[in-house]
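Here is a short report on one protein chain.

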Amino acid sequence: MRTLTSKTTRDFPARLEQVGRVRRFAREMTAGHPCADDVILVVSELAANAIEHCGQRDCGRIAVQVAHLDDVVQIDVRDGGGAGMPQLRHAGEDATTGRGLFLVDSLALTWGSSRDESGTHVWCTISCSCHGSSMAGPAAA
C-alpha cells in the first residue's frame, strides 16, 4: 500500500491563459523530484484540455490536485463538465490538436476519467523512480 506524503489542490479560472499558472503550481509541488518534468507536462495538457472542452459551457473554474504517494505522483484535474468524455486520439501528422491525451498515455503509469454531478475529472499516476527520496514536496514543509 502506498503512503500519502502530501496532497495539494488549487482552483484556477477556466481560461487558457491560466495554464501557465497551473504549470507553475505543478512545478512548485514537484520541485527537485525526478518526475517533475513529466508531471508539469501532463498537468499542462490536462488543464488545457479541461479548459478547452468546458469552455463551451462556461465551467467557471478547474481544480488541479497533485498528490505524492511514495514513488508516484497522482494528478487529478476536475472541471465543470464539458460535452463528451476525454478520449485517446491519434492525431494526423498535420493536426495541430489532439495529442494531449496521447502524451498523458505515454508518460503515465495509469490514467482515466469519470463524470459525476460536479463535472468531469481526469486523473493519472506518474512514476517517480526515486526510492529513498523525499516525496513530501514543498507543500508538506
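## The disulfide

Cys128 is buried, at 1% relative accessibility. The model is a predicted one. Cys35 is buried too, with a relative accessible area of 1%. A disulfide joins Cys35 to Cys128, with an S to S distance of 1.9 Å. A search of the whole structure turns up 1 disulfide.

The link of Cys35 and Cys128 is right-handed, with 70° about the S-S bond. Distant parts of the chain are tied together here: the two residues are 93 apart. Cys35 sits in the loop between α1 and α2, and Cys128 in the segment after β5. A further cysteine, Cys124, is buried at 0% relative accessible area.

## Helix α1 against helix α2

Helix α1 spans residues 19-29 and helix α2 spans residues 36-54. They pack at an angle of about 150°. Their axes are 9 Å apart. The crossing of α1 and α2 is right-handed.

From α1, the contact takes in Val19, Val22, Arg23, Ala26 and Arg27. From α2, Val39, Ile40, Val43, Ser44, Ala47, Ala48 and Ile51 meet them. Sorted by class, this contact holds 9 nonpolar, 1 polar and 2 charged residues.

## Helix α2 against helix α3

How do α2 and α3 pack? Their angle is about 150°, and their axes lie 9 Å apart. The crossing of α2 and α3 is left-handed.

On the α2 side, the contact residues are Asp38, Leu41, Val42, Glu45, Leu46 and Asn49. On the α3 side, they are Gly100, Leu101, Leu103, Val104 and Leu107. The contact of α2 with α3 divides into 7 nonpolar, 2 polar and 2 charged residues.

## The buried face of α3

Helix α3 covers residues 100-107. Which of its residues are buried? They are Gly100, Leu101 and Val104. Seen down the axis of α3, the buried residues fall within an arc of 90°, so they line one face of the helix. An α-helix has 3.6 residues a turn, so residues three or four places apart point the same way.

The cover over the buried residues of α3 includes α2. It also includes the strands β4 (110-116) and β5 (119-127).

## Val64 in strand β2

Val64 belongs to strand β2, residues 61-69. Is Val64 buried or exposed? Val64 has a relative accessible area of 0%, so it is buried, the cut-off being under 20%.

Leaving out residues up to four places away in sequence, Val64 touches Thr8, Thr9, Arg10, Phe12, Val22, Phe25, Val43, Asp76 and Val77. Among these, Val22 also takes part in the contact of α1 with α2, as does Val43. Val64 and Val43 are 21 residues apart along the chain. Their C-alpha atoms are separated by 8.0 Å.

## Asp79 in strand β3

Asp79 is part of strand β3, residues 72-79. Asp79 counts as buried because its relative accessibility is 10%, and the cut-off is under 20%.

What does Asp79 contact, neighbours within four places in sequence aside? The partners are Ala50, Cys54, Arg61, Ile62, Ser118, Gly119 and Thr120. Asp79 and Ala50 are 29 residues apart along the chain. The separation of their C-alpha atoms is 6.0 Å.

How values were computed. Residues are numbered from 1 along each chain as its sequence is written. This is a predicted model: local features need pLDDT of at least 70, side-chain atom pairs count only at pLDDT 80 or more; totals for chains, interfaces and linings use all residues. Side-chain values use heavy atoms; hydrogens and water are left out. Axes are lines fitted to C-alpha atoms, for helices over the stretch in contact, and angles run from 0 to 180 degrees between N-to-C directions. Helices (H or I, at least four residues) and strands (E, at least two) are DSSP runs, numbered from the N terminus. A crossing is left-handed if the near helix is turned anticlockwise from the far one by less than a right angle, and right-handed if clockwise. Contact means heavy atoms within 4.5 Å. Ala, Val, Leu, Ile, Met, Phe, Trp, Tyr, Cys and Pro count as nonpolar, Asp, Glu, Lys and Arg as charged, and the others, Gly among them, as polar. Buried means under 20% relative accessible area, exposed over 50%, partly exposed in between (1.4 Å probe, protein chains only). The arc is that of the directions from the helix axis to the C-beta atoms. A disulfide is a pair of cysteine sulfur atoms within 2.5 Å.
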